[in-house]
Amino acid sequence: MKTTQIPFKNTGFFSKTMIDYLEEDKQTKPFYGNFPSVKGLEKQLDVKKDSIKEKTRKVLVNVLKQQYKKVKTSELTLHNIDKLQLGNTFTITTGHQLNLFTGPLYFLYKIISTINLCEELTSKFPENNFVPVYWMATEDHDFEEINYFNFKGKKVRWNSDQTGGVGRFSTEGLDEVLNVFSNHLGNSKKAQYLKELFEEAYVNHLNLADATRYIANELFGEYGLVILDADERELKREFIPYITKELKEQVSFRKVNETIKELGKNYKVQVNPREINLFYLTEGVRERIIFKNGVYTVNNTDISWDLDSLELHLKECPECFSPNVIMRPLYQEVILPNLCYIGGGGELAYWFQLKQYFEEVEVPFPILLLRNSVQVLSKKQANKLEKLNVTIEELFVKQNELLKKKVTEKSDVSFDFDKQKEFLEKQFNDLRDIAKSTDVSFVGAVNAQEKKQLKGLVNLEKRLLRAEKRKQYDLVQRITELQSEILPNLSLEERQRNFSEYYLEYGNSFIKYLKENLHPLDLQFTVMTI
């Protein structure tokens, strides 16, 4: 077992926003609060300690106890739920969609980052309690994003015509998916465990939220993970003041747009707010609430209210009001004593749009931490890389660039035409000076000729490189095949593969390897050779 850490920026798969944030860049500083470090978390403890009402803690604990009534979990998880009533207990939270059979590998990395950070903080600040929380995105309605997972290059898909919040979806039909998946797995002992895990989750539970909770608890319950489904009447009741403010003042629309104007000067905007960032949620329906001409309506329905009747309905049925991507983070921070949110690059980028909104509604903005990111290598793959003289960091170079570099290293001929290009540019600079001093109308002709000559050099360089690649065909094939094997579709495997592929190989040890080797505050990309 060997681990190598490299900077996120050296993988080439992370946005400028994330790279700048990890280095405390001045451009990103206005869009987050405390930095993800031990010092930053110590400051966050002071910020958060008085922001959660005792009543909200009691409601949260009661909801969790109700949700765990039929869940066989660890004593550590049950103790963690009880601790949430105490004023010195704080959460570290990650969230994720209800992807079929956990979806991509990074589901595991998010949760392990969360668990490991809690353990680290417990050792640093023993006078406080830290509870890892997985927030299930049960109110999401984008079924097409979650209804499949990849297994050895094949999609295992669940087809359903259900609509509304996905957590409420019936698991009917997933027995057929189990049959398809079982045919791919084989008959080993580890394969049998995966079949039983899938069956118990999706065949023996009635809805997707309960099925997902079961799997997450089976994989991580021993580490004290608390799994929360926030699609609950009593939790929504705690959020009523913020829903009311949104309906009356459209505050998120105003404040997020103000942030976007500044953030968008240097970074890509992730999500644009609507005038009202709430959905109306009932069985089979999750549609936008729209305000127009003094009337509130539910998109694509005949439902409508004036303000008074809407406020009455909110008071009677708060569970029918569902925050969208803009308001969901606020909901989380209102009902949890949360210090830090752990997410992927895209998630954190849209959190950056929310800080002014949080300040406006007077809710502490959490620390944002980029989840651990991992590439797993087998010893066989590591040995092949070594024989091909490809380093860990070179593995993440674009394939054409990697092949050019390795072919050039092996060749007796230089394919670097930079000197020739510099010489050509110097000659044409001289010609431009002559043209300017004699007849300025010739400058355009000189520029055109320079462009033509440089293009010719580039084409010649490409032709020579292609010829050398043919000459070194075996090396090119071996590098191409190995890089494509390690990085499916030449992207990070954590976005493509499902944990079941590694469970078949390593069993329960795989999660233990991750648990022992992921250090969330290191802010580094981890390569694990197993």
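The sections below go through the basis of the model, then its cysteines, then its salt bridges.

## Basis

This is a predicted model, in which local features need pLDDT of at least 70, side-chain atom pairs count only at pLDDT 80 or more, and totals for chains, interfaces and linings use all residues. Residues are numbered from 1 along each chain as its sequence is written, and side-chain values use heavy atoms, with hydrogens and water left out.

## Cysteines

The structure holds zero disulfides, a disulfide being a pair of cysteine sulfur atoms within 2.5 Å. For Cys-320, the closest cysteine sulfur is that of Cys-317, at 4.9 Å, which is too far for a bond. Cys-340 is in no disulfide either, the nearest cysteine sulfur being that of Cys-118, 9.0 Å away.

Cys-320 is buried at 10% relative accessible area, and Cys-340 is buried at 1%. Here buried means under 20% relative accessible area, exposed over 50%, and partly exposed in between (1.4 Å probe, protein chains only).

## Salt bridges

There are 31 salt bridges in the structure, each a side-chain nitrogen of Lys or Arg within 4 Å of a carboxyl oxygen of Asp or Glu. One of them joins Lys-515 and Glu-119 at 2.7 Å, N to O. Lys-515 lies in helix H22 (residues 509–517) and Glu-119 in helix H5 (residues 106–124), so the pair ties together parts 396 residues apart in sequence. Helices are DSSP runs (H or I, at least four residues), numbered from the N terminus. Lys-515 is buried at 15%, whereas Glu-119 is partly exposed at 41%.

Lys-406 forms a salt bridge with Glu-394, with the closest N and O atoms 2.9 Å apart. Both Lys-406 and Glu-394 are buried.

How values were computed. Helices (H or I, at least four residues) and strands (E, at least two) are DSSP runs, numbered from the N terminus.
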